[in-house]
Each structure stands twice: as C-alpha cells, then as structure tokens.
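Please look through the following report with the sequence and the 3D structure side by side.

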Amino acid sequence: MRHETRLKLDRELRLRQLKFAGIGLAILAAVVGGFLLVDLDSHETKTRVAGTIESVATPAQKGALDGLEVGVKLEDGRHVRVLAMKSRDPHVGDRIEVTEHHHLTGRTTFTFR
C-alpha cells in the first residue's frame with residue numbers, strides 16, 4: 001500500500017472514531033442535563049399564603065373519589081386551584097392557608113394541608 005493511501009485511510013478511520021465519540025458525548029450531555037433538570041425541580045422553597053375559598057368542586061378526573069378541587073383567592077389577589085381531601089370539609093368563604101412551592105426551575109405549585 002502506498003504511503004499516501006495509508007494516510008488517507010488512517011485519516012478516514014480517525015474521523016469516523018471522532019464522529020462516534022462526538023455522538024456519545026452528545027448523548028451523555030443530554031442524559032446529564034435531564035438529571036440536572038430533575039434535580040432543580042426537586043429543590044423548592046415553601047411559603048405559607050393566606051386566602052379565602054371561592055369554590056369547591058369534585059375533580060373531573062377518574063379515580064378522585066376522596067378529593068375536592070378547591071378554588072382559592074389569595075390575599076395578594078391571585079386565584080389558584082388546590083386539591084383537598086373531602087375529610088377537610090372545605091366551605092366557600094372559609095379562610096385557609098395554602099403552601100406555595102417555588103421550584104428552582106421557575107415552576108410554582110400550591111398545596112392545601
């Protein structure tokens with residue numbers, strides 16, 4: 001085999017190996033990024049916010065026999081919906097406190113405990 005042909009063949013083989021290594025690194029980066037995103041969502045700060053119950057309804061979801069969907073107007077003017085157990089017996093006009101969860105991803109959720 002001529003020297004020039006051998007150099008071209010070696011170059012093509014190295015290029016192919018680098019492509020496979022690049023694809024592997026991209027997949028690894030995507031997996032690590034997914035794990036970091038999940039980790040960011042699991043870190044949260046909790047604050048208690050007072051509000052008044054505006055509406056109480058049964059959720060439209062199948063299998064939610066013990067739950068109620070409660071509409072709450074918070075003191076800062078926001079309207080949120082939280083799920084509550086029927087055993088809590090919420091009524092329209094009741095003053096309650098809900099927990100506001102701020103996740104590091106920017107997502108905000110509310111719970112009624």
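How many helices and strands make up the secondary structure of the protein? The secondary structure comes to one helix and five strands, where helices (H or I, at least four residues) and strands (E, at least two) are DSSP runs numbered from the N terminus. This is a predicted model, in which local features need pLDDT of at least 70 and side-chain atom pairs count only at pLDDT 80 or more, while totals for chains, interfaces and linings use all residues. Residues are numbered from 1 along each chain as its sequence is written, and side-chain values use heavy atoms, with hydrogens and water left out.

**Overall form**

Read from the N terminus on, the elements follow the order α-β-β-β-β-β. The radius of gyration, taken over C-alpha atoms, is 27 Å, well over the 13 Å that the globule rule gives for 113 residues, so the protein is more spread out than a compact globule. That rule is 2.2 Å times the number of residues to the power 0.38. Along the principal axes, the C-alpha atoms fill a box of roughly 90 × 30 × 20 Å. Of the 113 residues, 20% are buried; here buried means under 20% relative accessible area, exposed means over 50%, and partly exposed lies in between, with a 1.4 Å probe and protein chains only.

**Strands and core**

Strand 1 and strand 2 run antiparallel and are joined by six bridges, and two strands are said to pair if DSSP finds at least two bridges between them. Val56, for instance, has Val70 in strand 2 as its bridge partner. Strand 2 also pairs with strand 3 in the antiparallel sense, over seven bridges, and here Gly71 has Arg81 in strand 3 as its bridge partner. The hairpin of strand 2 and strand 3 has four residues between the strands, and in this hairpin Gly77 takes a positive phi near 100°.

Why is strand 2 described as largely enclosed by the rest of the structure? Six of its eight residues are buried, so strand 2 is largely enclosed in this way. The largest nonpolar core has twelve residues, among them Val49, Val70, Val80, Ile96 and Phe110; such a core is a set of buried Ala, Val, Leu, Ile, Met, Phe, Trp, Tyr and Cys residues joined through side-chain atoms within 4.5 Å. Strand 1, strand 2 (67-74), strand 3 (79-85) and strand 4 are the elements that give two or more residues to this core. When residues up to four places away in sequence are not counted, Val80 touches Val70, Gly71, Val72, Leu74 and Phe110, a contact being heavy atoms within 4.5 Å.

**Charged pairs**

Side chains of opposite charge can pair when their charged atoms come close. A salt bridge is a side-chain nitrogen of Lys or Arg within 4 Å of a carboxyl oxygen of Asp or Glu, and by this rule the count comes to seven salt bridges.

| Pair | N to O distance |
|---|---|
| Lys46 and Glu44 | 3.9 Å |
| Arg48 and Glu97 | 3.2 Å |
| Arg78 and Asp76 | 2.9 Å |

Lys46 counts as exposed at 58% relative accessibility, whereas Glu44 counts as partly exposed at 33%. Arg48 and Glu97 meet in a salt bridge. Arg48 lies in strand 1 (residues 44-57) and Glu97 in strand 4 (residues 95-103), so this pair ties together parts that are 49 residues apart in sequence. Asp76, Arg78 and Glu100 are linked in a network of salt bridges.
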